[in-house]
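Morning, everyone. Please have the sequence and the structure up on your screens, and I will go through them chain by chain.

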Amino acid sequence: MAAAFDYRQAEEIRDVFARFGIRYLFIGKSGAILLGFPDTTQDADLFADKSPENCSALIAALRDLGFTLTDEQASEILRGKDFVQLKTGPFDLDLIFAPDGIERFDDAWQRRVEVEHFPVCHPDDIIASKEAANRAKDRESLPRLRAFRDYWKKRR
Amino acid sequence: MDQQPTLSERQQWLEEFEAAARRPLAQRVKYAFIKTYKPVLDDAEFRAFDTMADYRAWCEANLPEWLGYGR
């Protein structure tokens, strides 16, 4: 089991993905935390553009970050899966290509928020995806997350 | 339906948001990410699902309910 995700690793994702030209956004609670939401989570969740060019570059970037991907695993990412769970690298990563509640990557990209050069989903999109997923853990976190969204909007 | 927070909960959250806003990003990240073993979920190095519906169905069928991945 990889150690907990840390800020240096977040910076590595940001810098390596920028170098490889990856279109992605931090989403879920990890995205909310980058926006300032005080809470805890276990993994980094990334919403990536599903285009073949982006997925191809993403595989190269992940390998550069230290993830071990077999050719078969890489081809699964290239084939356009909606969800990939990776525990083959220096930290755990969930790659989400079609999050519940968000129609298209381009829409979320247009609404994105940059936090110290980290591309993050807008809190409305983070909330929309959690509302649509509607898991027990989402229902538990949503009231506080909505309150944070309101606070965040007032501060901007 | 989500439970509505009380006024006192909302006030406490606001204080937490204000306190977090005073911390630098690196410090917020440091205290936000934790690692504990999640049964089943952490037992494979790689999983890929064609659709989010497939992933949700797999979670509901395979993960312990207390992890909170069920609907």
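Chain B, from the N terminus on, runs α-α-β-α, which is 3 helices and 1 strand. Helices and strands here are DSSP runs numbered from the N terminus, helices being H or I with at least four residues and strands E with at least two. The radius of gyration of chain B is 18 Å, well over the 11 Å that the globule rule gives for 71 residues, so chain B is more spread out than a compact globule. That radius is taken over C-alpha atoms, and the rule is 2.2 Å times the number of residues to the power 0.38. The C-alpha trace of chain B spans about 40 × 35 × 20 Å along its principal axes.

A word on the source. This is a predicted model, where local features need pLDDT of at least 70 and side-chain atom pairs count only at pLDDT 80 or more, while totals for chains, interfaces and linings use all residues. Residues are numbered from 1 along each chain as its sequence is written, and chains are lettered from A and ligands numbered from 1 in the order in which they are written.

Now chain A. It has 7 helices and 6 strands, in the pattern α-β-α-β-α-α-β-β-α-β-β-α-α along the sequence. With a radius of gyration of 15 Å, close to the 15 Å that the globule rule gives for 156 residues, chain A is as compact as a globular protein of that length.

How do the chains meet? In all, 40 residues of chain A are in contact with 35 residues of chain B, contact meaning C-beta atoms, placed from the backbone, within 7 Å. On the chain A side, the largest share, 10 residues, comes from helix 7 of chain A. That side divides into 19 nonpolar, 8 polar and 13 charged residues. Nonpolar covers Ala, Val, Leu, Ile, Met, Phe, Trp, Tyr, Cys and Pro, charged covers Asp, Glu, Lys and Arg, and the others, Gly among them, are polar.

There is strand pairing as well: strand 3 of chain A and strand 1 of chain B (residues 46-49) pair in the antiparallel sense over 4 bridges. Pairing requires at least two DSSP bridges. Gln85(A) has Arg47(B) as its bridge partner in strand 1 of chain B.

Last, back to helix 7 of chain A (residues 136-155): its axis and that of helix 6 of chain A (residues 123-133) come within 10 Å and cross at roughly 165°. Axes are lines fitted to C-alpha atoms over the stretch in contact, with angles from 0 to 180 degrees between N-to-C directions. That makes the two helices of chain A roughly antiparallel, the term for angles over 145 degrees.

Technical notes: Parallel < 35°, antiparallel > 145°, perpendicular 65-115°, else oblique. Contact = placed C-beta atoms within 7 Å.
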